[in-house]
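Please look over the sequence and the structure first.

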Amino acid sequence: MGDIIKVKSTADDGFEFTAFHAAPSGERKGGVIVVQEIFGLDEHVRRDVDRWASLGFEALAPSLYDRREAGFVGVHDQAGMAAGIAHAMATPRDQAMGDIAACRDYLSPRGKVYIVGYCYGGSMAWLAAGELDGLSGSSSYYGSMVQANAALKPMCPTIVHLGRLDAHIPADDVKAALAAANPDVPVYIYEDAGHGFNNEDPLRYSQASAELARQRTLSLFGA
């Protein structure tokens, strides 16, 4: 369903990055910025963009590593993970926010704009909720930076999804940090799920948890 377009960042460099875009199926319910995992715009992110479009949302996923490696797609192995982590760590926070803001500006003339992100994107979705105005909702999935930035105050309705079996992110600690700083932010812990449970890679996917998290996100997005 989707196709590649170019979007000019609102960051200081005005860089033009690629993004995967899909038009909504049927009546448009809003726009959704879909923020990638560390692996770039791989098949799983593109499938997620298409899924949001099938649910009635105009969906747009920015390629946040384009300045370092245009069109980067990491294989789900140790080398791909290492490359993705290196790109994520070398991508300045304000630069990523500038690219996400440009996606917001691309979508906003046609209605409300929401954001959903996974892994690295889950962190970016949390940060965007607190640092970018003009968003109508944010759904953050297993972002490793959420706990360290728990005191950030979201400017839009925001929810957080975590996997109980996630070896990288201590779900109870994240929930406690958010409860102390942002008690109005719902934090959902999925008991049978690990890191990346929305990703349809057989080693990571938890269908029941992914479907429940999506329903909660759809409710947040007013659908």
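## Cavity, pocket and packing

The largest cavity has a volume of about 120 Å³. This is a predicted model, in which local features need pLDDT of at least 70, side-chain atom pairs count only at pLDDT 80 or more, and totals for chains, interfaces and linings use all residues. Residues are numbered from 1 along each chain as its sequence is written, and side-chain values use heavy atoms, with hydrogens and water left out.

On a 1 Å grid over the protein atoms alone, a cavity is a set of points where a 1.4 Å probe fits but cannot get out; a pocket is an open set with protein on both sides within 12 Å along at least five of seven lines; lining residues have an atom within 4 Å of a point. Points are joined across faces, edges and corners, and a volume is the space filled by probe spheres set on them.

One cavity of 30 Å³ or more is present. Among the residues lining the largest cavity are His44, Arg47, Asp48, Arg51, Tyr118 and Glu200. Helix α1 (residues 43-54) gives the most to this lining, with five residues. Helices here are DSSP runs (H or I, at least four residues) and strands likewise (E, at least two), numbered from the N terminus.

The largest pocket has a volume of about 600 Å³. Of its 25 lining residues, Ile38, Ile85, Cys119, Tyr120 and His195 lie nearest the centre. Helices α2, α3 and α4 each supply at least two residues of the lining.

Helix α3 (residues 93-107) packs on helix α4 (residues 120-131) at an angle of about 80 degrees, with the axes 10 Å apart. That makes α3 roughly perpendicular to α4 (65 to 115 degrees). Axes are lines fitted to C-alpha atoms over the stretch in contact, and angles run from 0 to 180 degrees between N-to-C directions. Contacts (heavy atoms within 4.5 Å) involve Arg93, Ala96, Met97 and Ile100 in α3 and Tyr120, Met124, Leu127, Ala128 and Glu131 in α4.

How values were computed:
Angles under 35 degrees count as roughly parallel, over 145 as roughly antiparallel, 65 to 115 as roughly perpendicular and the rest as oblique.
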